[in-house]
Amino acid sequence: MNEAHTGARTERPLDKSDVPAWLSLRDAIEAVDRTGHHRDADDLAEELADPKLDLATDTLAVFDDEQLIAYAILHTPEGAVDAARFDGDAGVHPAWRREGVGARLVDFLDQRAKALHAERFAPLEGRLMITGKSGDENLEALTAALGFEPERYWFEMAHPLQHGRPARVPAPEGLEIVPYDKSLEEATRLAHNDAFRDHWNFTVMDETDWRTWVTGSRSFRPEMTRLLVDGDEVAAYLIAEESEADTEAFGVRDCHVGYLATRRAYRGRGAAPALMAATLEAAYEAGYDTASLTVDTVNPSGALGLYERLGYTVAREFVTYGRALG
């Protein structure tokens, strides 16, 4: 162990009172890892308020004396269909890396995931997933040593908005693009579950998850969100988001595409390009500097090619590592 780190090492679950220390830890991690993703205190408090997160069993905080040096949170794949893939969110302060703390976090995530798998998902394959920035040598070394393999690659793509008004794309014949309206919230959730059921790692999103992580999230921007409707049915949708923490960190307002999908019955008619163009125009008029999105590099819908044609370019690459539960 590093001679500078001879303090008492203790562990306990994360608590809402830990938000300031957790934010300081995440800031220290981001200063080195440069993922481009920032969080503020309200973001972290929102995450801990997830009604499906059991802080006592699903979180871990590691301290060196009084300093929070590492954390782990396990997200349970409620609504899993083909496999129960447990997502682990974890981080170690750069000054305490290569001291076995990361392996301890993975062990915690794995043990908790195994218990939940046996309790709720026994008929399905169980896997533990960790996602990080491509080229992160610390993460590559840790995952390789613990038996993880890369399972999915993601591009984070960006589009400059203030170089001119984005081109308009007409809605498919017989359909209409409308701003988000709360009266269509349930129809949009149902469209989401239909549209994503042939995508990797799909989980059915119930009303609680939808309101917690989509329309109830502080990052949700209903004024930028667009729906493609066929009467009272949502045929396709684009959920827009904005990170206030990223705006503060970079001094750039970014309109992020959180979700974009088309129901199966409406595919092949130009729904996605029309929605993208509508949101790009709305973001341009609202004064956003950029637009961004994250895409699975092997997305079966061919989304990567669509985004490139619309003017998006790759800014960062991320990797999801996975292994069977131990």
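**Stop 1: helix H1.** Select residues 19-33, which make up helix H1 in this predicted model. Now colour its buried residues: Val-19, Trp-22, Leu-23, Leu-25, Arg-26, Ile-29, Glu-30 and Asp-33. Where do they sit around the axis of H1? They span an arc of only 160°, so they lie on the same side of H1. An α-helix has 3.6 residues a turn, so residues three or four places apart point the same way.

What covers the buried residues of H1? Show helix H2 (41-48), strand S3 (67-75), S4 and S5, which are included in that cover.

Next, check the length of H1. Its 15 residues reach 20 Å from the first C-alpha to the last. That is close to the 21 Å expected at 1.5 Å a residue. Then step past the end of the helix. Arg-34 follows H1, and its phi is positive, near 50°.

**Stop 2: aromatic pairs.** How many aromatic pairs are there? The count comes to six. Select Phe-86 and Phe-121, one of these pairs.

Move on to Trp-154 and Trp-200. The ring centres are 6.0 Å apart and the planes are at 55°, so this pair is tilted. Trp-154 is in strand S6 (residues 149-160), while Trp-200 is in the loop between helix H6 (185-195) and helix H7 (207-213). The pair therefore ties together parts that are 46 residues apart in sequence. Trp-200 has 22% relative accessibility, so it counts as partly exposed.

**Stop 3: a charge over a ring.** Select Arg-253 and Tyr-288. The charged end of Arg-253 sits over the ring of Tyr-288, 3.9 Å from the ring's centre.

**Stop 4: Ala-282.** Find helix H9 (residues 271-285) and pick out Ala-282 within it. Ala-282 is buried, with a relative accessible area of 10%. Which residues does Ala-282 touch, leaving out those up to four places away in sequence? They are Met-224 and Arg-226. Finally, draw a distance from Ala-282 to Pro-179. These two are 103 residues apart along the chain, and their C-alpha atoms are separated by 9.9 Å.

Terms used:
Residues are numbered from 1 along each chain as its sequence is written. This is a predicted model: local features need pLDDT of at least 70, side-chain atom pairs count only at pLDDT 80 or more; totals for chains, interfaces and linings use all residues. Side-chain values use heavy atoms; hydrogens and water are left out. Rings of Phe, Tyr and Trp (its six-membered ring) pair if their centres lie within 6.5 Å; planes under 30 degrees apart count as stacked, over 60 as edge-to-face and the rest as tilted. Helices (H or I, at least four residues) and strands (E, at least two) are DSSP runs, numbered from the N terminus. Buried means under 20% relative accessible area, exposed over 50%, partly exposed in between (1.4 Å probe, protein chains only). A charge sits over a ring if NZ of Lys or CZ of Arg is within 6 Å of the ring centre and within 35 degrees of the ring normal. The expected span of a helix is 1.5 Å times one less than its number of residues. The arc is that of the directions from the helix axis to the C-beta atoms. Contact means heavy atoms within 4.5 Å.
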